[in-house]
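Here are my notes on the charged side chains, in the order I'd go through them. Have the structure open while you read.

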Amino acid sequence: MKVLWLCNIMIPFIAKSLKQNFMVKEGWLSGLSEQLIKHSEENNITLAICFPASENCGFVKWDDSLFVKNRTQGVDYYIFREDTVHPELYDASVEESLKAVVADFDPDIVHIFGTEFPHALAMTKAWGQPKRTLIGIQGLCSEIAKVYMADLPYSVQKKRTFRDILKKDGLQQQQQKFIQRGKNEIEAIKLTGHITGRTDFDREVTAKLNPTAKYHFMNETLRDDFYHDCWDIDKIDRYSIFLSQGNYPIKGLHYVLEALPEIIEKYPQTKVYIAGDIITANETLKDKIKISGYGKYLLGFIKKNNLENHVVFLGTQSAGRMCARLLKTHVFLCPSAIENSPNSVGEAMLLGVPVVSADVGGVHNLLTNRMEGLLYAPGDKKEMQRAILRVFADDKLAMSLSTNARERAAKTHDAQTNYLRLLEIYHEIDGGF
């Protein structure tokens, strides 16, 4: 059986073969691809992978062909051109590139990872075989668009910095881009015959969009770094809170900042650490020019409320550095306005870090409230505060949540179980012909 993957990024093992830096996102692809490659003879699956590159990328810049093809670790991979900076724009020429990829590899199944980018729709059109098309749900742009502003005041929503005006990327424009991405996503979902998901949330949403598609439940395998260490309350930075990102409103960093002063009143040592882009950077002239409206709002709030010594932006973190930070963390916090099944929560649970999360999307499928973590109503800052303070004040509770979370996550994210489930799905689709 020949399976073609369509990914949003260059998978690390391919990036390493090309001596390129690789992204820390979508880490589950590495584990699955390694398993498929390692056991290719016994599982009777030949894997190929395709992914986009910007027009300016050196691999495609001087090549006029519809794709660039190469091979590593016995796997063919295809690089096609796409405007990766503007994922809201649909380019029909990508269909031609993907038709050429499909013609060259001649797959039995096309597996599309995620619906967030227009190449997902382009592939469903280029391949044109719904019964042999499998879409894996990651985030859902059509749902994100509905809550993108995450309760921000309207005065903040409409403000734009120089960077926002220049890039046509203010908050309201960002929301419109998600609306457009959602339209492409909906069309792609309607053109597939098979869907993989792992939460009540993604199952309900996709069933409404395409009731004829078959839904296949499958959990995700996370990055290897998070399977080996164990959180120890005697080795943490007391009263530390960690967020995996806060780059845009739906991740809810503003909720946390609004709740923080009262937490600091009770525990003055409290510090919040945020991974990802440092969107509040404002030291140099370049920083001031590049700061977004949302970043400027957060920066202003931090200064106004004297939070400078309590909020630390860490920048982009490798898996190893993220793991090390989590092991020092008192509370992992997921304050998002919407999520499907956030891998950051899964990674924290694998390590046993006490989790506090907004009860959004499919988070409740990852953990049971008051057993493996604490859930609160989305956007409710008082409930968030109470949950964090409970963990801070009660080591027995923290250790109980930690133990239970590790046990639950070990089952949810078991690499072998999830690999075997993927094989079942592939063979079920292929066996229908």
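1. Lys69 comes out as partly exposed, at 40% relative accessible area. Keep in mind that this is a predicted model. The partner of Lys69 is Asp104: the two make a salt bridge, with 2.8 Å between the closest N and O atoms. Lys69 sits in strand 3 (residues 68-72) and Asp104 in helix 5 (residues 93-105), so this pair ties together parts that are 35 residues apart in sequence. Asp104 is partly exposed too, with a relative accessibility of 38%.

2. Arg71 has a salt bridge as well, this one to Asp76, at 2.7 Å from N to O. Asp76 is buried, because its relative accessible area of 15% falls under the 20% cut-off.

3. Next, look at Glu143 and Lys146. Their salt bridge has its closest N and O atoms 3.0 Å apart. Which of the two ends is buried and which is exposed? Glu143 is the buried one, at 17% relative accessibility, while Lys146 is exposed at 60%.

4. For the whole structure, the salt bridge count is 19.

5. Glu34, Asp224, Asp225 and Asp229 form a patch of negative charge on the surface. One of them, Asp224, is found in the loop that runs between strand 8 (214-217) and strand 9 (240-243). Asp224 counts as exposed, because its relative accessible area of 52% is over the 50% cut-off.

Key:
Residues numbered from 1 in each chain as written. Predicted model: local features only at pLDDT ≥ 70, side-chain atom pairs only at ≥ 80, totals over all residues. Heavy atoms only, no water. Patch = residues over 30% accessible without salt bridge, like charges linked within 9 Å, V, L, I, M, F, W, Y side chains within 5 Å. Areas by Shrake-Rupley, 256 points an atom, 1.4 Å probe, with all protein chains shown as cover. Salt bridge = Lys/Arg side-chain N within 4 Å of Asp/Glu carboxyl O. Lys, Arg positive; Asp, Glu negative; His and termini not counted. Charge placed at Lys NZ, Arg CZ, Asp CG, Glu CD. Helix = DSSP H or I, 4+ residues; strand = E, 2+ residues; numbered from the N terminus. Buried < 20%, exposed > 50% of the residue type's maximum accessible area, 1.4 Å probe, protein only.
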